[in-house]
Amino acid sequence: AASYLISALSRYRPKPLPIEDDQTALKKLQRSIVCLGSAASNELTELIEEDSRNQFLRFAHGDGSVSIWCKQTKRDVELPRSRARRDAGIILKIVNSRFSGQYLFVCAGLGEWGTSGAAWYLATHWKELDELGDEFGCVVEVEIGSDQSARMIYDRS
């Protein structure tokens, strides 16, 4: 997941992007940050999911299952049924309310393919996502084993 973003962003940066664990990143919030992985494995993702600016999506846990919850409709996002094995991921972008001009992103999945598919989608479709505005939340679906199969299936910007 990280390699997609590093590759896409390195063209626009004079210095290499730092890759940090969530504990290190939490100490340096005065910048734009892209988080990979759900709150189950990334504390910074949890901070962003619970941020008052996130009016879009979060992961909901219940009865041993995980779903993607839309904060606006107050319902689970309905994922398309398929015979193919698929995963889903979210891409969130919110204003970093602590520091003007900075943004917080999350690429996280129900499983690992959802996370890497969301990161690939952000890295390769960032111009389309930019059209959704300064803040948005969307869901991508990805076939297991193929990040490049990721496609947006839900947008609540």
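The following exercises, with worked solutions, concern a predicted model of a protein chain.

**Exercise 1.** Determine how many helices and strands the protein chain has, and in what pattern they follow along the sequence.

Solution. Step one is the count: the protein chain has 5 helices and 8 strands. Step two is the order: along the sequence they read α-α-β-α-β-β-β-β-β-α-α-β-β.

**Exercise 2.** Compare the radius of gyration of the protein chain with the value for a compact globule.

Solution. For 157 residues, a compact globule would have a radius of gyration near 15 Å. The protein chain has 15 Å, so the two agree. The box filled by its C-alpha atoms, taken along the principal axes, is roughly 45 × 30 × 30 Å.

**Exercise 3.** Decide whether Asp51 is buried or exposed, and state where it lies and which residues it is in contact with.

Solution. Locate the residue: Asp51 is in the loop that runs between α3 (43-50) and β2 (57-62). Next, apply the cut-off: buried means under 20% relative accessible area. Asp51 has 9% relative accessibility and therefore counts as buried. Finally, set aside neighbours within four places in sequence; Asp51 is then in contact with Lys71, Ile94, Ser97 and Arg98. In the protein chain, buried residues make up 40% of the 157 residues.

Technical notes
Residues are numbered from 1 along each chain as its sequence is written. This is a predicted model: local features need pLDDT of at least 70, side-chain atom pairs count only at pLDDT 80 or more; totals for chains, interfaces and linings use all residues. Side-chain values use heavy atoms; hydrogens and water are left out. Helices (H or I, at least four residues) and strands (E, at least two) are DSSP runs, numbered from the N terminus. Buried means under 20% relative accessible area, exposed over 50%, partly exposed in between (1.4 Å probe, protein chains only). Contact means heavy atoms within 4.5 Å. The radius of gyration is taken over C-alpha atoms; the globule rule is 2.2 Å times the number of residues to the power 0.38.
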